[in-house]
Amino acid sequence: MTAAQARSAVLEKLILKGPGQFRVLTGDRPTGRLHLGHYFGTLHNRVRLQNLGVEMFVIIADYQVLTDRDVADNLTGHVEDLVLDYLAIGVDPTRSTIFTHSAVPALNQLLLPFLSLVSVAELNRNPTVKDEVVHSRQSSVSGLMFTYPAHQAADILFCKANLVPVGQDQLPHLELTRTIARRFNDRYSAGTALFPQPDALLSHAPLLLGTDGTKMSKSRGNAITLAADADETARLIKGAKTDSERHITYDPTNRPEVSSLLLLAALCQDRTPQQVADDIGSAGAAVLKRTVTEAVNEYLAPIRSRRTQYAQDRAHLRQTLREGNERARTVADATLAEVRAAMNSHY
């Protein structure tokens, strides 16, 4: 067990004992509708933490869409789709603050002093940014991509979040946030903790493959979105890649596509993949796909029903976002005032 995993195990126990002592920052980029990989990877856990009593800030990172794209296409539609998905899965805007980057100027102003606390070399060697540059859609990347880790630090620290759910690959980002918080406190706050050094709550998210056998992704068109209806879900699963072996077994190493389908059914049915595989046995891929389709459609039915209801009132979506933006602005303004005072720039 790594140090990060051990710390996460401790944090989970602390959350159960006293959820009110934690404030979480999490969120998504508005680049398209959320899918089952997102749901079982992060969304389900957000609702769990919220319902335990943890204070949640959920950022719709509209500015960060531009890190690897020339323009932010259909941004308004994508933002509203995210709000729809959040409400449908159970994010409660009275307990969780849903807001957008662009609506909180004070958050973005934190980027400038934060950049002064990190070196070019530290930004340059961030492995997550390196990977994003490699997979960028652009022939060359902008300065926004380069400063992405510092911007993410502003996202986390503006609300003084002390807990950030992340995957293993996001640990370098969070470590830089901790470094910025520590350096600001040391340089401007006489060592007092104006900013917390947030902990990583490691995700144990299962890896769900897309219907083509590769990573489930909005951009690859291989995902089952939360907004998909039952017929579209059936069509996508029917076309999912499997293999030629008739007997169904759970073997992620040697049979990744079959195993991913088994895992998806198991998650929806609250069973183990082995149990699902044992039920199917030698019935073959057709029965496997039918089992997965029925499990997914049954699980998503109440989410889809709520999504349809919320979609009929777009004014409510915009009101939800306006209220969340206002709460986030109030928090960010207070934090920026503290930063200015600490830096002797509060004129």
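1. A nonpolar core is a set of buried Ala, Val, Leu, Ile, Met, Phe, Trp, Tyr and Cys residues joined through side-chain atoms within 4.5 Å, where buried means under 20% relative accessible area, exposed means over 50%, and partly exposed lies in between (1.4 Å probe, protein chains only). The model discussed here is predicted, and for that reason local features need pLDDT of at least 70 and side-chain atom pairs count only at pLDDT 80 or more, while totals for chains, interfaces and linings use all residues. Residues are numbered from 1 along each chain as its sequence is written, and side-chain values use heavy atoms, with hydrogens and water left out.

2. The largest nonpolar core holds 46 residues, and within this core Leu36, Tyr86 and Leu264 touch the most other members. At least two residues of this core come from each of several elements, among them helix H2 (36-52), strand S2 (55-60), helix H3 (75-89) and helix H15 (314-342); helices (H or I, at least four residues) and strands (E, at least two) are DSSP runs, numbered from the N terminus. Apart from this core lies another core, of 38 residues, which includes Ala150, Val164, Ala181 and Ala342.

3. Which residues does Tyr86 touch, not counting residues up to four places away in sequence? With contact taken as heavy atoms within 4.5 Å, Tyr86 touches Gly27, Asp28, Leu34, Leu43, Arg46, Val58, Ile59, Ile60, Val91 and Ile98.

4. Strand S4 (residues 163-166) and strand S5 (residues 199-202) run parallel and are joined by 4 bridges, two strands being paired if DSSP finds at least two bridges between them. One can look for Pro165, whose bridge partner in S5 is Leu201.

5. Two loop residues deserve a separate look. Gly284, in the loop between H13 and H14, counts as buried because its relative accessibility is 1%, and Gly284 touches Arg246 and Ile248 when residues up to four places away in sequence are not counted. Arg255, in the loop between H11 and H12, counts as buried because its relative accessibility is 4%. Leaving aside neighbours within four places in sequence, Arg255 is in contact with Asp243, Glu245, His247, Ile248 and Thr249.

6. Most residues other than glycine have a negative phi, and two residues can be read against that background. Lys160, placed in the loop between helix H9 (148-157) and S4, has a positive phi near 55°, and Lys160 counts as partly exposed because its relative accessibility is 25%. Asn344, found in the segment after H15, has a positive phi near 60°, and Asn344 counts as exposed because its relative accessibility is 68%.

7. How many cavities of 30 Å³ or more does a search of the whole structure find? The search finds 1, a cavity being a set of points, on a 1 Å grid over the protein atoms alone, where a 1.4 Å probe fits but cannot get out, with lining residues having an atom within 4 Å of a point. The largest cavity has a volume of about 120 Å³, where grid points are joined across faces, edges and corners and a volume is the space filled by probe spheres set on the points. Its lining has 14 residues, of which Leu209, Gly210, Thr211, Ala240 and Leu261 lie nearest the centre of the cavity, and H12 gives the largest share of this lining, 4 residues.

Definitions and conventions. On a 1 Å grid over the protein atoms alone, a cavity is a set of points where a 1.4 Å probe fits but cannot get out, and a pocket is an open set with protein on both sides within 12 Å along at least five of seven lines; lining residues have an atom within 4 Å of a point.
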